[in-house]
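Good morning, and thank you for coming. I would like to walk you through one protein structure, from the whole chain down to single residues.

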Amino acid sequence: MSFDGFVQATRQYAEKEWENIVEGADNDLTPLDEEIIRWAATLDRKHHAVQRALIEHHPEIARLRNRIENLAGYPEDRRLLAWALRPDVVRLMAMRTHRAQLLGHDDYLDFVLKTAGISLTKLEEILEKTLVEYLPRAKELVDKHGLEWQNWFRRLRESFPLEKERNAETLVEPIQEFFNGSDWNRSLTIHMSKKGLAGFARKFPDRSVHVKTHPLTNAVSLKTLIHELSHAGLYLENDPAHPENFLTPPTDEFLATYIEDTVIEKICTQTEKDAIDDVRTLELVRIILSAQFELDLWQRRDIPETCYRMRYERLMPVHDELDWTLDTFRSVDSLLIMFYALGHCARDVLQERKGPEEWGVPDNPAGVRISDYFQPAE
Ligand SMILES: [Zn+2]
């Protein structure tokens, strides 16, 4: 029964993490990190979920990650913060690499790619092909809306207001139907607040799922809520009975993004879709550049600023190359960014091959091999 204990401990962790991030609590996560490691040690190490737990909940890694995530003890000034974060982010990457090597992988990148079932060559090919396709339109939108790297999210929200504010509750039923799910009402809670994180979803020990977003006044928050509800659907409909069925973060992100695109196609009005389409173009380009930067960084930790400038300047000028340390992905798991990108790319591939009507939620989300979505058409 040790797998149940493992799952339950990860959900307790999710709840305490939620309280820290969404409610500003100050829970010490260390006892739960230790408990997850204890359970993971009783399970077969061939499962990716077990290996990931052994890496991410290792006490030293967890402590540093939580410190970076909560920005505990760092300066508030943007530039001083970036300087202070730099060595810690690099150290976190080195620690993850070391743990992945102890588990028999070449490095951390190798571990993540194996979890996702995609090769580095294939990944790089998909990212670059999609980037080249979307870059010209993204540049037009950047000029039109006065976007810069340092004002990106604020400008994005201001530039795409919704004609009519959406009621979040009206989105739940169509998404639930899309999952063929039954009655999410009792187990799903949407928390809406202008403050803090734009999007977050977690499953608690009582199996309830909680989603946090900003109010739905613009296309960015509408797109984000649909993304978080896609996570919620995966968490509500998937109760792993075996480590094999435990959804790992790369697959979780890939599917949530892919499902998000599918759901938008089905349930949004044409005006909403037009606005979301521009946001998607901009975000897809930003995410691909970020993913390519991460691929460089995991191979060249010694020259992050050079890599950052080289990648990000393909869209627009970089005013401060230290900004790379401030990306929210740095602490959580910078490699997850690739799977957002792949989720969006999957839509384009499948649109050519079979059209939106035939896209769907896979029967066994945890068993998805991401590369299967990019096979050439039969
Ligand atoms: Zn997500």
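Predicted model: local features only at pLDDT ≥ 70, side-chain atom pairs only at ≥ 80, totals over all residues.

Let us start with the overall picture. The protein chain contains 15 helices and three strands. Its radius of gyration is 20 Å, close to the 21 Å that the globule rule gives for 378 residues, so the chain is as compact as a globular protein of that length. If we look along the principal axes, the C-alpha trace spans about 50 × 50 × 45 Å. Of the 378 residues, 41% are buried. Among contacts with a separation of 6 or more, 69% are between residues 24 or more positions apart.

Helix α4 covers residues 59–70 and helix α5 covers residues 78–102; their axes come within 10 Å and cross at roughly 150°. Why may we call α4 roughly antiparallel to α5? The reason is the crossing angle: an angle over 145 degrees counts as roughly antiparallel, and therefore α4 is given that description relative to α5. The crossing of these two helices is left-handed.

Which residues of the two helices meet? On the side of α4 they are E60, I61, L64, R65 and I68. On the side of α5 they are L85, D88, V89, R91, L92, M95, R96 and R99. Sorted by class, this contact has seven nonpolar residues, six charged residues and no polar ones.

Is I61 buried, exposed or partly exposed? I61 has 19 C-beta neighbours inside 10 Å, so it counts as partly exposed. A residue needs 20 or more such neighbours to count as buried. Not counting residues up to four places away in sequence, I61 touches I55, E56, L92, M95, R96 and R99. The C-alpha atoms of I61 and A94 are separated by 9.9 Å, and these two residues are 33 residues apart along the chain.

The C-alpha atoms of L80 and L322 are separated by 10.0 Å, although the two residues are 242 residues apart along the chain.

A second example of sequence separation comes from helix α2, residues 30–40, where T30 is found. T30 has 13 other C-beta atoms within 10 Å and is therefore partly exposed. Leaving aside neighbours within four places in sequence, T30 is in contact with P59, A62 and R63. Its C-alpha atom is separated by 45 Å from that of Q351, which is 321 residues away along the chain.

Let us turn to the second pair of helices, α9 and α10. Helix α10 comprises residues 219–237, and its axis and that of α9 come within 10 Å and cross at roughly 45°. This angle makes α9 oblique to α10. The crossing is right-handed. L171, V172 and I175 of α9 make the contact with L225, I226, L229 and G233 of α10. By class, the contact of α9 with α10 has six nonpolar residues, one polar residue and no charged residues.

Most residues other than glycine have a negative phi. What is the phi of D183? D183 has a positive phi of about 40°, although it is not a glycine. D183 is found in the loop between α9, residues 169–178, and β1, residues 188–192. With 10 C-beta neighbours inside 10 Å, D183 counts as exposed.

R207 lies in the loop between β2, residues 199–203, and β3, residues 209–213. R207 counts as exposed, because it has 11 C-beta neighbours inside 10 Å.

To close, I return to the two helix pairs: the crossing of α4 and α5 is left-handed, whereas the crossing of α9 and α10 is right-handed. Thank you for your attention.

How values were computed: Residues numbered from 1 in each chain as written. Axes fitted to C-alpha atoms, helices over the stretch in contact; angles between N-to-C directions. Helix = DSSP H or I, 4+ residues; strand = E, 2+ residues; numbered from the N terminus. Parallel < 35°, antiparallel > 145°, perpendicular 65-115°, else oblique. Left-handed = near helix turned anticlockwise from the far one by under 90°. Contact = placed C-beta atoms within 7 Å. Nonpolar A, V, L, I, M, F, W, Y, C, P; charged D, E, K, R; others polar. Rg over C-alpha atoms; globule rule 2.2 N^0.38 Å. Buried ≥ 20, exposed ≤ 12 C-beta atoms within 10 Å, placed from the backbone.
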